[in-house]
Structures are given as C-alpha cells and as structure tokens.
Amino acid sequence: MNRQKFIDKFMAAFFILAILKIIGILAQLFHQSFGDVMWTLAVFVFVAIIIFAVLLRLEKKEKEQNLSSGRNRRGSVYVETSIFDKIRNKYEELAEKYIAEKDYKKAAKVYINLLQDHYRGAKTLEDGGFYTEAAVIYLKKLKNKSDAAVCYEKAKQYKKAIDLYKELGHKEKVGDLYRTINDIKNSNTYYQMVVDDYVNNSQMIKGSLIYRKKMEMPEEAQKILLKGWKENKDAFNCLNNYFANIYDVKQLGNSIQELYQETPEDKKITYLDAMKHEFKKDPKLQEVTRKIAYEIITEKISEHSEIVNELKHFNPDDEVILKDISRYKTGRNKMFRN
C-alpha cells in the first residue's frame, strides 16, 4: 500500500470513527449533564478539525512528491507514526493549557477521554482538590485502593476511606480515622489489634507507644514494657523506656529498687547498664543507683573483671576511684603474669 492509499483509507476510517464517537458522546446525555456532554463534544470537534487539517496537509504534500516505489512501505509507517504523534501532542498541549488555567476538571477529561490515561487524569483531579472524583477514578478504573483511600480521607469521606483501609489491612490507619470521627470504641478495637501484632512480633516498644500515644493508656504501656524486660524481648530498651515513663523522681527511685529485687542473676549486667542512664537523670537518684551498681559490680567482678570500669560512671568526679580502678587492673595483670 503506497502512502497516498494509506492516507485515503485513514481519512475514510477517521470519518466513520468520528461519526461513531459523536453518537457516543450524544448518548451520554442519558446519564450526564447537558453542559458536560456539550463540552466533551466541543473538545472532540476541535481535535477532529486539527486531525483533518493534518491529513489534508499530508495529502497535499504527497501529491507534490514523486517517491520511488522502494520507499513506499517505509513512508506509510512514517505517516502513520507522524499522524498519531501529532494528535497525541495536541492532546497533551490542550491538557497542559487547562492545568495552567487551573481548570483541572477539563484537563482530567482530556487525559481520561482523549489520551486514555486514567492515572494522570486521577492525579490531576487530586492536585486540583477534586478528591472524591479522583478517588472514583483510582478505584474503578485503576483498581488502586490505596490512592483511593487517601483521596477519600482528604475529602473527609472517612467511612469510605475506613472501608478501603480495612480491605488493605491498615489497622492503625483505621484506628486513626475512627478516632478522627470520635468513634473511640472502634478506634481502640483496631489499635488493640495493632498492639497484639507488635507484641506477637516482640516489638514491645512500638506496642507500648500505641497504648501511650494513641489509646491514652499509660499503665497498659508500662505493662508491655515490663513484659519485654522480663521475657528478654529487647530487654534493655524496654527497661530504659519503662523508667523514662516515670516522671516523679521519688516514685522512680522506688521502682528502680523494687525491680532490682526481682532481677535474675543473668540480667543484672543489663540492669547495671540501665543504672548508668538513671544516675545522670537527677541528683536524687544517684544514691540508689550507685548502691545497686556497687552490688552488681561486687557480685560479677570475679567472672567479669572488666566490670570494674563501670565504677567511673557512678563517680565521675572522684579521682581516687579512677586510681583504685587502675591499681586493681595493674594488680590483676601482675597476678596473671605470675
């Protein structure tokens, strides 16, 4: 097929498709507003005129040229590609023009109806603040529940967003949205699911933060941290956070002593590490933390001679202690050499 025949057939097919498209647009009057249908029709007619002008120009150019038969096939491919590229570029320019004019709905219609690019259409609607319309496109055309849920949330259609987040398994987000609409019962139900998941995965600190920050249950948060400490699930951090959540210094001192009495031998060095942090918090805590540190160091020094170095953390300004540590280490080294 030479280029002239290709153009003639393309023009014939174009006219048939144009008529069918116009009929299809008019048929939308049954389920869309008259204004929207007329706008779509006007855009289509405008673009059709541009396409027709391009075809006429190509036809005229073809008649003026006398190409050799060996270039016919390559020429037809070039014409076909050229036509569709020009049409697409016109659509792109039209969409960009509408965006520049802040007419996001018209730009989205160009992307969706003319370019068949539903994602850019939905994104354009979202950028323009038409969140509900964008959500519908994300959900029905793109099957993208995540972006649809985000748009419903932005549109403050929280129940629709909640349903989608439930399907996606985003339990904490569901809890957040229930709290937004002041449904505390359902909110806490989903937050509890999140806590249970964290605890089952030994993420005790994250579970405690849900209790403390979102459910406003500080006592339950402390229970989880204590559980993590006792069950060796990120034990040091659980203990450190447990103490950090006690703001009254006197109560903190009592808790430090009580918990130490329950600490098994294999966790006392970890407890000693925690005492270094507590010692620095408040002068009122120094006596109790230093006493516990001395007890642990005395018990463990025969097995872990290096533990003597921990004394300096509880006597930072005592040069005598530093000398004693040095003498102890020197004497111990001599003993081993002998």
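Predicted model: local features only at pLDDT ≥ 70, side-chain atom pairs only at ≥ 80, totals over all residues.
I found Lys-143 in the loop that runs between α6 (131-141) and α7 (145-154). I then looked at the charges on the surface, where Lys-143 gathers with Lys-140, Lys-141 and Lys-160 in a patch of positive charge.

Next I turned to helix α4, which covers residues 104-114, and listed its buried residues as Tyr-104, Ala-107, Ala-108, Val-110, Tyr-111, Ile-112 and Leu-114. Beside that list I noted the general rule that an α-helix has 3.6 residues a turn, so residues three or four places apart point the same way. Just after α4 I stopped at Gln-116, where phi is positive, at about 55°.

My last entry concerns the aromatic rings, for which I wrote down 7 aromatic pairs in the structure. One of them joins Phe-279 and Phe-314 in an edge-to-face arrangement, with 5.5 Å from centre to centre and 75° between the planes. This pair links distant parts of the chain, because Phe-279 belongs to helix α15 (residues 268-281) while Phe-314 sits in the loop between α16 (286-300) and α17 (319-337), 35 residues apart. I recorded Phe-279 as buried because its relative accessibility is 4%, and Phe-314 as buried because its value is 0%. I also noted a cluster in which ring pairs link Trp-229, Tyr-242, Phe-243, Tyr-260 and Tyr-271.

Methods:
Residues numbered from 1 in each chain as written. Heavy atoms only, no water. Patch = residues over 30% accessible without salt bridge, like charges linked within 9 Å, V, L, I, M, F, W, Y side chains within 5 Å. Areas by Shrake-Rupley, 256 points an atom, 1.4 Å probe, with all protein chains shown as cover. Salt bridge = Lys/Arg side-chain N within 4 Å of Asp/Glu carboxyl O. Lys, Arg positive; Asp, Glu negative; His and termini not counted. Charge placed at Lys NZ, Arg CZ, Asp CG, Glu CD. Helix = DSSP H or I, 4+ residues; strand = E, 2+ residues; numbered from the N terminus. Buried < 20%, exposed > 50% of the residue type's maximum accessible area, 1.4 Å probe, protein only. Phe/Tyr/Trp six-rings, centres within 6.5 Å; stacked < 30°, edge-to-face > 60°.
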